[in-house]
Amino acid sequence: MKLRWLVLLICDACLGGFAVAQSPAKQSPPEPAPARPFHLAARTHYVLQNGLHVNLLRFGSVPKVSIEIDESAGRVNEEPKQIDISAITAELMGQGTLTQSGDELALSAGDMGASISIASGIYQSKFSLDVLSESATKAIALLADVLRNPSFPATDFERLRTDHLRTCETSLADPGFLAGKKFAEVMFGDQAAGRILPTPEMLKSYSLEDVRRYYKQNYGAQRTTIYVVGNFDERKVREAVDEEFGGWLRGPAPDMPVQTVTRGQHFAFVDETGATQSNVIYGIAVPDISSPDATSIDVMNTLLGGSFGSRITANIREQHGYSYSPRSTLSQGYGSNIWSESAAITTSSTGPALKEITKEILRLQETPPSATEVRDIEQYKNGVFILGNSSREGVLDNLNFVDFHHLGDDYLTGYVSRVLEVTPQQIQDVARKYLNTGAMTLVVVGDRAIAMSQLSSFVSSAN
């Protein structure tokens with residue numbers, strides 16, 4: 001018993017000692033290090049006689065190389081009643097060529113420790129491989145076979161069409177997708193950027209002849225750009241590109257129509273009875289990447305809603321708990337750009353959350369941010385930019401971005417300094433100039449019976 005009391009007394013003394021010990025004073029975090037300029041090795045760019053563009057850039061010390069072939073063939077080149085035919089065509093090209101079956105293509109890529117990646121978007125279809133440096137020329141030959149000699153196997157066409165039908169069904173069950181789809185339809189109307197999903201009837205009507213026709217009308221050398229980034233023997237890579245692609249027909253000239261964004265206030269509600277959340281998108285057209293205000297708009301977006309520490313996120317997530325993952329974005333298209341805030345909001349808080357979003361926009365318009373807040377956002381943006389250029393894939397994506405928008409490599413090398421030059425006053429100015437809350441488009445997907453009555457202050461004629 002005495003031993004037990006002794007132990008308790010010792011414990012009490014220890015705990016008491018901890019209780020009265022002075023906690024060390026909380027220290028301020030160190031000042032961020034000055035941003036370093038971004039340096040990019042000079043790339044080799046040349047054009048084959050048939051119009052095909054080639055870009056070679058040595059990067060990194062790892063013995064690997066990323067090869068991507070971008071074809072100017074996407075949704076903008078589809079007929080209005082053939083939505084997704086560009087994606088089906090690109091995917092089917094990876095299922096077999098005149099010299100290799102789909103399984104043989106996969107085995108050839110596997111022997112190089114890779115798999116063929118194929119993706120299709122509004123303006124481009126992309127075909128890529130990431131391989132060991134020693135396999136660079138083989139990878140170029142394999143991609144050339146896919147691009148130049150597709151066999152379009154019928155059995156795989158039926159399978160892919162079934163996959164797209166299934167994707168349509170699952171996408172339409174996703175409220176977030178529905179919001180994005182409706183927002184695109186409102187902002188772009190009956191243009192390619194507004195045609196997001198084919199109907200089941202459309203997909204069932206497609207034939208192999210439609211695929212072959214799309215390929216013939218949209219693929220060829222002068223619509224093709226090749227990127228090779230990493231460690232490689234430049235002489236051997238150039239020889240392989242010339243040998244595999246030099247004899248390809250020029251094909252059609254690039255066709256890249258600008259997608260015009262609607263102006264003025266618009267509203268759309270998609271009813272999802274019983275939904276516990278309202279998926280909202282609130283946005284407006286802003287100047288594109290070619291504008292003198294582009295960098296200021298970019299920094300403004302990150303400060304306002306485009307980062308985890310942004311104002312809107314701090315407001316409706318941290319302070320009010322209306323939404324778990326709100327975020328603003330700049331949807332940079334070819335000759336167009338849209339600023340938008342999107343969030344999944346508790347249904348009963350739909351109106352209050354939108355009021356807080358608007359309040360943050362107006363607050364930024366009324367008072368410029370502090371120099372400290374702007375410095376922190378600029379450091380964050382530059383850190384993300386440098387990190388994004390620390391891999392072959394990141395560099396390749398950025399090269400494609402500057403080429404697609406006709407910006408030049410100095411856009412990348414000058415990015416850090418341009419961001420640091422943005423002032424608090426410039427951020428306030430672009431917020432005032434472009435984020436007109438009276439001309440925003442609002443799309444809501446949710447329970448109409450609960451959410452609609454909360455939106456009267458956002459839409460003059462809500463219906």
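Predicted model: local features only at pLDDT ≥ 70, side-chain atom pairs only at ≥ 80, totals over all residues.

Reader: How are the rings of Tyr411 and Tyr415 arranged, stacked or edge-to-face?

Author: You look at the angle between the ring planes, and over 60 degrees counts as edge-to-face. Tyr411 and Tyr415 have 65° between their planes and sit 6.2 Å centre to centre, so they are an edge-to-face pair.

Reader: What about Phe385 and Tyr415, stacked or edge-to-face?

Author: That pair is stacked, because the planes are at 20° and the ring centres are 4.2 Å apart.

Reader: Where in the chain do Phe385 and Tyr415 come from?

Author: From distant parts of it: Phe385 belongs to helix α13 (residues 371–388) and Tyr415 to helix α16 (residues 415–421), with the two residues 30 apart.

Reader: How many aromatic pairs are there by this rule?

Author: The count is twelve. Rings can also gather into a cluster, and one aromatic cluster here is made of Phe127, Phe152, Tyr215 and Tyr219.

Reader: Which charged residue sits over the ring of Phe232?

Author: That's Arg58, whose charged end is 5.5 Å from the centre of the Phe232 ring. You can find another case at Tyr324: Arg317 lies over its face, 4.5 Å from the ring centre.

Reader: Okay, now the sheet. What holds strands together?

Author: Strands of a sheet pair through backbone hydrogen bonds, and they can run parallel or antiparallel. In this model, there is an open sheet of five strands, in the order β7-β11-β8-β10-β9, and its pairing is mixed.

Reader: Which strands are at the edges?

Author: β7 (266–271) and β9 (327–332), each of which pairs on one side only. Going from one strand to the next, the twist averages 15°.

Reader: Last one: what is the mean pLDDT of the protein chain?

Author: The mean is 92, and 92% of the residues reach 70 or more. Be careful with residues 1–21, though: their pLDDT is below 50, and that stretch has zero contacts in the model beyond near neighbours in sequence.

Terms used: Residues numbered from 1 in each chain as written. Heavy atoms only, no water. Pairing = 2+ DSSP bridges. Helix = DSSP H or I, 4+ residues; strand = E, 2+ residues; numbered from the N terminus. Axes fitted to C-alpha atoms, helices over the stretch in contact; angles between N-to-C directions. Phe/Tyr/Trp six-rings, centres within 6.5 Å; stacked < 30°, edge-to-face > 60°. Lys NZ or Arg CZ within 6 Å of the ring centre and 35° of its normal. pLDDT = per-residue confidence, 0-100. Contact = heavy atoms within 4.5 Å.
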